[in-house]
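Hi everyone, thanks for coming. Let me put today's structure on the screen, and then we can walk through its aromatic residues together.

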Amino acid sequence: KANNLKKVSQLENDNGFISSKDVSNYSTTEKVVGVWIDGSPIYRKTFTYLDYTLPTNKWCYLREGIPELNIKQYISCSGTALCYSNVHKDNPVWQPIPRVCPDANEAYNIGFGDFDSEKVGILFGTGFTKVSVYLTIEYIKN
């Protein structure tokens, strides 16, 4: 009944409620977020790479901090990039990584290239000149 409802502060044990610090599972601190099918712990970590000027070949190899994770296997990888281009010099645009949309074309595609224990490779379309990348990876350690 409605008159039996209590406020959280009236409960005998109000442990276990989600607090604001628990809302995001994405952190620049490595944390265990689950268990893989073989029983290995799955780790998650978010990286930020700010103001990266893309080389002419448009490959962005993200290395800083990756080797220290001792990665055996990638489980998932996703993120966003704040992208600058000749068209959007003063008004950069956010793009998901990987970008999956019907109007994606060669100039503005973003996708993953190669992964290994030393780096994550991201290929940007020819229209982008500079990016800030926010990348979350899940992985199993050696």
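Let's start with Y139, which is buried, at a relative accessible area of 0%; buried means under 20%, exposed over 50%, and partly exposed in between, using a 1.4 Å probe and protein chains only. Before going on: this is a predicted model, where local features need pLDDT of at least 70, side-chain atom pairs count only at pLDDT 80 or more, and totals for chains, interfaces and linings use all residues. Residues are numbered from 1 along each chain as its sequence is written, and side-chain values use heavy atoms, leaving out hydrogens and water.

So what is the overall fold content? The protein has zero helices and eight strands, with helices (H or I, at least four residues) and strands (E, at least two) taken as DSSP runs numbered from the N terminus.

Now the rings. The whole structure holds eight aromatic pairs: Phe, Tyr and Trp rings (six-membered ring for Trp) with centres within 6.5 Å, called stacked under 30 degrees between planes, edge-to-face over 60, and tilted otherwise. Y43 and Y139 are stacked, because their ring centres are 5.9 Å apart and their planes meet at 15 degrees. Y43 sits in strand β2 (residues 41–53) and Y139 in strand β8 (residues 128–141), so this pair ties together parts 96 residues apart in sequence. Y43 also counts as buried, at 17% relative accessibility.

F124 and F128 pair edge-to-face, at 6.3 Å between centres and 90 degrees between planes. F124 is buried at 3%, and F128 is buried at 0%. Finally, ring pairs join Y74, F112 and F115 into a cluster. Thanks, everyone!
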